[in-house]
Amino acid sequence: MHKQNYQDILALVQTPTRYVGNEINAVKKDLKQVKLTFALVFPDLYEIGTSHFGLQILYSILNARKNIAAERFFSPAPDMEAYLLERNIPCLSMESKKQLKNFDIIGISLLYELNFTNILTLLSLSQIPFYSEQRDDCFPLIIGGGPCAFNPEPLADFFDAFVIGDGEDVVVQLSNQVIEFKQQGDGKKKTLLKLLSRIDGVYVPSFFDPAYDENGIQTVAPVFEDYQTVKRAFLPSLTKDNFPKSPIIPFAKPVHDRLRLEIARGCSRGCRFCQAGMIYRPVRERSLEDLVEITQASLKTTGYSDISLLSLSTGDYSNLPQLMERLLDLGQGYCNAISLPSIRAEKLTPELMNIIKKVRKTGFTIAPEAGSQRLRDIINKNLTQESIMATVENAFNLGWKNIKLYFMMGLPFETDEDIEAICRLSKQLASAYAKGKKNINVSTNSFIPKAHTPFQRCAQISLNETKEKLQYLKDNLRHKKVKLKWQSPEMSMVEGVWARGDRKLSKLLVTAFEKGCRLDGWTDKFDFSLWQNAFEETGIDPLFYTTRQRNEEEALPWDHIDSGVLPQFLKEEFQKAKERSLTPDCRENDCTGCGVCDFKKIKPVLHDSLTDTPKTDPVKENTLKRLPDEAFKKFEITFSKLESARFFGHLELATIVRRAVKRAGLNVKYSQGFNPSMRLSFDNALPVGMESEEETLFIFLEKDLLPKTIVDQLNKTLPKGLFITGCKPFNKLVKRKDQASCYIIGFADVCIGQEDVDRFLNLPEFIVEDLSKKGKVRKIDLRKSVEKISFIDLQTIKMVLKKYSERTIRPTEILIKHFKLDEEIIKNTRIKKITYRSHVT
């Protein structure tokens, strides 16, 4: 019942493909045949969650086990949430539409503090009590993991456990333990949690009792003597075995719509503000051969041609030139876009610069973080003014048109001069190098002290001070080639509260959720007034967590979480910040003594730099080869677009077909130029929500291909709802006649009667005005476009439309403009375009 109702509301919401599921490479198992069901929850919208590489890793690892089924959940947008509440429909998984509360384990990704209210949205919709102590043994085990888990205390009351650190091995151990526990039949959650606490990296908050001193400072006391601290889980090395070679291809418009290739994990540069640089140590690189093999396999299973290199410091990868050279040779002949983040000037060797010239430029970011050299030294950024300027100059010379500069306001020991230096440096770079169509985008955020960093005890600047500094930048960073962007100071303040919060914040989160806080990480959804009301109602003083400097003796809420980095190292780094003393990169210098490595199991994994790239590639034999133009001919392909596929927009459909062609292994003709595109076009563009039994596309494929081969190969690679019904060589000598189009229109209720139809058909004309693509007013006689309207039953009509005045008329235009049906009725109406021949009666 829930599944049917869920499908009904998809036609009512914006971007329904956020909720459809059925993506290429999604895994659907018979849930009756597995021993464990695992819900992977990303508490943000689909387009953000599907772009998160960590979720894909866990999804792949879990579903590789025959006895485990992992399915995905994302936060609903406000319109979807409203419909779910109105119709009493719980959260359902993307794959099988199973209820969230019926899974064995719920694993929630904790990437961003402003996603926390979304967690409660998902639990509330699923009728799952918020607090772990209120959930009895029949509810799923709820586990959190990700960077925010390194200070789990603000969420401790809601979760049964957290995974601290790398999750690849832990999630399997944890799942196996739960399976074994289920088979033993004990059933007591506390017994299970005791077993899970023995796994490296698993934190069970109920096994630590919080206490508060007279100043409100939290400490936690362990319940068990053998469980006093929780050490981060480490993945010793990155191999192809734990890499998702068949990642899910999202619908809608994901933030990162390309193949993501994690080339390394961890960073050794030691920026003192950077939590990721501390908690993901040590650096572990994937081997060049593994990356090439992974990419080859992934391009074939996805149909992607654009690649994004993932790493905290991509430019530091030992064999970056060789990797890029080989990747450019792999993309089925057409990989010409490799997304590169910042690459420092000293890393831009002539060899690498020559390779970059071949790549389509998708974005270039430099993060000086501070405008002055003094402050960059304090934060251990290890970037000089000369290096920044050389990097910008090289990036523009290599073909980038837009460069983004990241800065922070409110860093420790910052002065007014440092803020002024942001303006000076940005304008200097723009004046020197941003010529013609080249531009510089400056992005500035407030510094937020994070746990397990040298600056974890520092004060965050106040909201008023943040606004003053931001206003200074707005007033003084004026240059025709510079555009300034910033994060809302209020959002930064709320994020700062959660970044270093404790268990007292539980009531704040519930109150904020009850007041309507949703999707707080989205500027257009964030409502600071709701948070102000929540602070006031709960008596929580945000300044206690943000602007208050913590002394060296004060206990920190996360003291029992061992990130691997020694507390003494963090203290020494803070002292060095005071002294403006730099700590060198341990990749190229001696060990800095952070304490992470034992140099046995845990140590840096770096690969020797290669001087030559192999001329032949052992896995390249399966790639498609670029053929001369005369090897191709144009084919006319018909296809149906039914059921859930009706929610694909035209641009989505075009992308789906292009990738299906590549996955099918069909050689296709591309346009010429630096950014070649597939020679593919559609005869018509269907509106979102409309089904069709027969649509037409045209594509240039190898001329010797048999039409049956094309049909069979494509149908193997298309998502459910899209089906190739025919294929033939295009004959330009056969003139295409404009056929009338026939639609079956099913209303949810009786909306129009025979008299209404007769009245319209008896009209001599029905003139309406609209705007052409060029903005000109044009008059259309809708009556002349209608050949026939007849009733199939009281709620279903057949409408036959013909092309009129060089314009395709849609049945919804007739229904809205003449029959005066409102938008809500139209959304609930099912329209299918059926195969129709005008000579058939």
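Me: At roughly what angle do the axes of helix α6 and helix α7 cross?
Reply: This is a predicted model. Two packed helices are described by the angle between their axes and the distance between the axes. For α6 (residues 168-184) and α7 (residues 189-196), the axes come within 10 Å, and the crossing angle is roughly 145 degrees.

Me: Is the crossing of α6 and α7 left-handed or right-handed?
Reply: The contact is made by Leu-174, Gln-177, Val-178 and Phe-181 on α6, with Thr-191, Leu-192, Leu-195 and Leu-196 on α7. Those residues divide into 6 nonpolar, 2 polar and no charged. The pass of α6 over α7 is right-handed.

Me: Is Arg-284 buried or exposed?
Reply: Arg-284 lies in strand β12 (residues 284-285). The relative accessibility of Arg-284 is 1%, and buried means under 20%. Arg-284 therefore counts as buried.

Me: Which residue takes a positive phi just after α9?
Reply: Helix α9 has 15 residues (288-302) and reaches 21 Å from its first C-alpha to its last, close to the 21 Å expected. Its buried residues include Leu-288, Asp-290, Leu-299 and Thr-302, and the cover over the buried residues includes β10, β13, α10 and α21. Just after α9, a positive phi of about 85 degrees is taken by Gly-303.

Technical notes. Residues numbered from 1 in each chain as written. Predicted model: local features only at pLDDT ≥ 70, side-chain atom pairs only at ≥ 80, totals over all residues. Heavy atoms only, no water. Helix = DSSP H or I, 4+ residues; strand = E, 2+ residues; numbered from the N terminus. Buried < 20%, exposed > 50% of the residue type's maximum accessible area, 1.4 Å probe, protein only. Expected span 1.5 Å × (residues − 1). Contact = heavy atoms within 4.5 Å. Axes fitted to C-alpha atoms, helices over the stretch in contact; angles between N-to-C directions. Left-handed = near helix turned anticlockwise from the far one by under 90°. Nonpolar A, V, L, I, M, F, W, Y, C, P; charged D, E, K, R; others polar.
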